[in-house]
Amino acid sequence: MSVRTLPLLFLNLGGEMLYILDQRLRAQSIPGEKARKANHRSLFVFAVMNDIISTMFNRRFMEELFKPQELYSKKALRTVYDRLAHASIMRLNQASMDKLYDLMTMAFKYQVLLCPRPRDILLVTFNHLDAIKDFISDSPAILNQVDETFRLLIETYNCLSDGEFQLIRQTLLIFFQDMHIRVSIFLKDKVQNSNGRFVLPISGPVPWGTEVPGTIRIFNHKGVEVKRSEFSTAGNYFIPQREGSFELYGDRVLKLGTNMYSVTRPVETHVSGASKNLAAQAKENIVPNPLAKEELNFLARLLGGLDIQKPAGGETGFRLNLFTTDEEEEHAAQTRPEELSYKVINIEATQEPGGRAELSRILGELDVEEPRPGSAEKGEDLLALMDGL
């Protein structure tokens, strides 16, 4: 497992989450009173996206994220996105949050599968960050946060070898291997089968720096070509015109990771039979982490100086529905297998001593995976940091 995978996983899933939220916020009508507060629907969307992106690219949060560490458990990572999605006035219930997470994970899984080279996963990440910068182009402070993360990505990953990127790709595929959620966009485009598995193309561009298949060359012991033969291929391959840019600005060439929701179309998800069986068979490791309370006490001290912003005037937030109607959302919540659902855990860290004690008590009740030596015992750090943002 690569210890450099977590930032790429988090940023790409976060980018997909922002694509979906932007599309749904613009499509769903906003209650009149809240819309008037923002004067216009676009201003409301702008405010929600700004809040989420500002939290997502918080400097301390990014510093913790980029530390070499193994991937968090699926439960812990899902909880991070629960907190992130609710970093603004917007609220989602469990069914909509489940659907949002399904769409995020399946979209990025498909992008990882289609990457011509393992290194191109970095271009996919850059595409997501380029689009995020467009969302907050009128907010210089937040834009600077995203640019700092961009520079951190370039500094961390541009120097890695192809072998290290291959290990990152394998780590991502292991993370996604049991996820087979059907998505209507993919089903309609015939890139996903009814069992939730993707259909990979046999044609298209070859990886940059390689040749179109169809030629066999034989060399002697001195490295001189002595024989060449041709063979026919089943696919239609071609060489890309240029390599995508790995710099802060530039043409990425690769289109994976761009916003596929820019054209409005339904994004229904369906849990396949295979997923239900896998979910029933695959059980999360629920052994309590003996270091959980000690870790949390340390994090509570770190968070002691952070201000917790609470909505003024008893504002409960604008509820976003990722389904067409409330009835569909309720039906999805009732029919979704329990193994594939997650509970939203709200932890509030305050400067008051009682707040720290409550924080320790709650984490002590969480099901946390047994830590792996050297990194995984920090698995709650991002969650704790997010509580103070």
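This is a predicted model: local features need pLDDT of at least 70, side-chain atom pairs count only at pLDDT 80 or more; totals for chains, interfaces and linings use all residues.
Reader: How many helices and strands does the protein have?

Author: The protein holds 15 helices and 8 strands, and 49% of its 389 residues count as buried. Among contacts with a separation of 6 or more, 79% join residues 24 or more positions apart.

Reader: Why are helices α5 and α6 called roughly perpendicular to each other?

Author: Helix α5, residues 74-85, and helix α6, residues 94-114, pack at an angle of about 115°, and their axes lie 11 Å apart. Angles of 65 to 115 degrees count as roughly perpendicular, and α5 and α6 are therefore described in that way. The crossing in which α5 passes α6 is right-handed.

Reader: Which residues make the contact between α5 and α6, and how do they divide by class?

Author: On the α5 side the contact is made by Lys74, Leu77, Arg78, Tyr81, Asp82 and Ala85, and on the α6 side by Gln94, Met97, Asp98, Leu100, Tyr101 and Met104. By class, this contact has 7 nonpolar, 1 polar and 4 charged residues.

Reader: What describes the packing of helices α1 and α8, and what is the hand of their crossing?

Author: Helix α1, residues 6-27, and helix α8, residues 140-157, have axes that come within 12 Å and cross at roughly 145°. The crossing of α1 past α8 is left-handed. Pro7, Leu8 and Leu11 of α1 meet Thr149, Leu153 and Tyr157 of α8 in this contact, whose residues divide into 5 nonpolar, 1 polar and no charged.

Reader: What makes Tyr157 and Phe165 an aromatic pair, and why is the pair called tilted?

Author: A search of the whole structure finds 11 aromatic pairs. In the pair formed by Tyr157 and Phe165, the distance is 6.4 Å centre to centre, with 40° between the planes.

Reader: How do you know whether Tyr157 and Phe165 are buried or exposed?

Author: Buried means under 20% relative accessible area. Tyr157 has 0% relative accessibility and therefore counts as buried, and Phe165, also at 0%, counts as buried for that reason.

Reader: Which residues are linked into a cluster by ring pairs?

Author: Ring pairs link Phe10, Phe61, Tyr81 and Tyr101 into a cluster. Of these residues, Tyr81 of α5 and Tyr101 of α6 also take part in the contact between those two helices.

Technical notes:
Residues are numbered from 1 along each chain as its sequence is written. Side-chain values use heavy atoms; hydrogens and water are left out. Axes are lines fitted to C-alpha atoms, for helices over the stretch in contact, and angles run from 0 to 180 degrees between N-to-C directions. Helices (H or I, at least four residues) and strands (E, at least two) are DSSP runs, numbered from the N terminus. Angles under 35 degrees count as roughly parallel, over 145 as roughly antiparallel, 65 to 115 as roughly perpendicular and the rest as oblique. A crossing is left-handed if the near helix is turned anticlockwise from the far one by less than a right angle, and right-handed if clockwise. Contact means heavy atoms within 4.5 Å. Ala, Val, Leu, Ile, Met, Phe, Trp, Tyr, Cys and Pro count as nonpolar, Asp, Glu, Lys and Arg as charged, and the others, Gly among them, as polar. Rings of Phe, Tyr and Trp (its six-membered ring) pair if their centres lie within 6.5 Å; planes under 30 degrees apart count as stacked, over 60 as edge-to-face and the rest as tilted. Buried means under 20% relative accessible area, exposed over 50%, partly exposed in between (1.4 Å probe, protein chains only).
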